[in-house]
Amino acid sequence: MITDPWFYAVAVPAVLLMGLGKSGFLGGFGALATPLMALAVPVPQAAAIMLPLLLVMDATGLQQLWRERDRALIAHLLPAGLLGTVVGTVVFGLLPAKTVAAIVGALTLLFLVQRLVFPPRADRPRPPRWVGWLAAMASGFTSFVAHAGSPPISAYVLPLRLNPVVFSATMAVFFAAINLSKWIPYAWLGLIDLRNMTTSLVLLPLAPVGVWLGVWALRRIDSTWFYRIAYAGMALTGLKLLWDGWK
């Protein structure tokens, strides 16, 4: 088990932030969780530690939202998302941890720029289906390397103007399947080991807490300042990882 206090100083807010993203309160900002944790451990290890926690969050979402999923949309997007995880497996196997850190840092900054310059809007024209296939593949890749799959897929699904519950349910099913598919590749890459899984077990009680906090915040808190802090944290984290990867 990891015992470094600095790791838990960044891991605890990372897990809570991922839970907030899963709840819908900070949709997309769960992309910050793995880069934040990666300030203390290598990116692949951070992703491995986060994986069991994601499964707990996914189970909570599936229990509540399974019946509201859009089956046709899942059937369209999921095969491409799974292909993206295959690409992620190859990248993890071929590239050193520093290069993966640079990729995750760049993706974090690109997501930040996209959110600031092109904020998601439900009234944009519906994108063509092939865009959805590419977005899902990109989502599978970014989800595999950093559990940051929400930004690409949201860019396609938000303009479809789904009912909010249907949107949340469809994303819950999509990412539950993607996260389940990571177990064998992560084990093959040597990331599923006793140290990582024991550390995940220590952090496990926080997994539902983040979701519960997000639901509470949705009803009570003005999120303006929270978003500003999250943007600043994302910028600093992305720059730090990019620097670590290229120095």
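Which residues does His 76 touch, not counting residues up to four places away in sequence? Its partners are Arg 129, Gly 132, Trp 133 and Tyr 156, where a contact means heavy atoms within 4.5 Å. Before following that lead, a word on the model. It is a predicted one, in which local features need pLDDT of at least 70 and side-chain atom pairs count only at pLDDT 80 or more, while totals for chains, interfaces and linings use all residues. Residues are numbered from 1 along each chain as its sequence is written, and side-chain values use heavy atoms, with hydrogens and water left out.

Let's start with the overall fold. The protein chain has 12 helices and zero strands; helices (H or I, at least four residues) and strands (E, at least two) are DSSP runs, numbered from the N terminus. Of the 247 residues, 50% are buried, and buried means under 20% relative accessible area, exposed over 50%, and partly exposed in between (1.4 Å probe, protein chains only). Among contacts between residues at least 6 apart in sequence, 84% join residues at least 24 apart.

Now back to His 76, which sits in helix H4 (residues 71-94). His 76 counts as buried because its relative accessibility is 12%. Helix H7 (residues 150-157) is largely enclosed by the rest of the structure, because six of its eight residues are buried.

What lies inside? A nonpolar core is a set of buried Ala, Val, Leu, Ile, Met, Phe, Trp, Tyr and Cys residues joined through side-chain atoms within 4.5 Å. The largest one has 45 residues, and Phe 7, Met 37, Met 50 and Leu 203 have the most contacts inside it. Helix H3 (43-65) is among the helices that each supply at least two residues of this core, and H3 gives the largest share, 10 residues. A second, separate core of 17 residues includes Leu 73, Ala 135, Leu 160 and Phe 167.

Val 86 belongs to a nonpolar surface patch with Leu 83, Val 90, Leu 94, Leu 95, Trp 130, Trp 133 and Leu 134, with about 780 Å² of accessible area together. H4 supplies the largest share of the patch, four residues. Accessible areas come from the Shrake-Rupley method with a 1.4 Å probe, and for residues only the protein chains shown count as cover.

How values were computed:
Patch = residues over 30% accessible without salt bridge, like charges linked within 9 Å, V, L, I, M, F, W, Y side chains within 5 Å. Salt bridge = Lys/Arg side-chain N within 4 Å of Asp/Glu carboxyl O.
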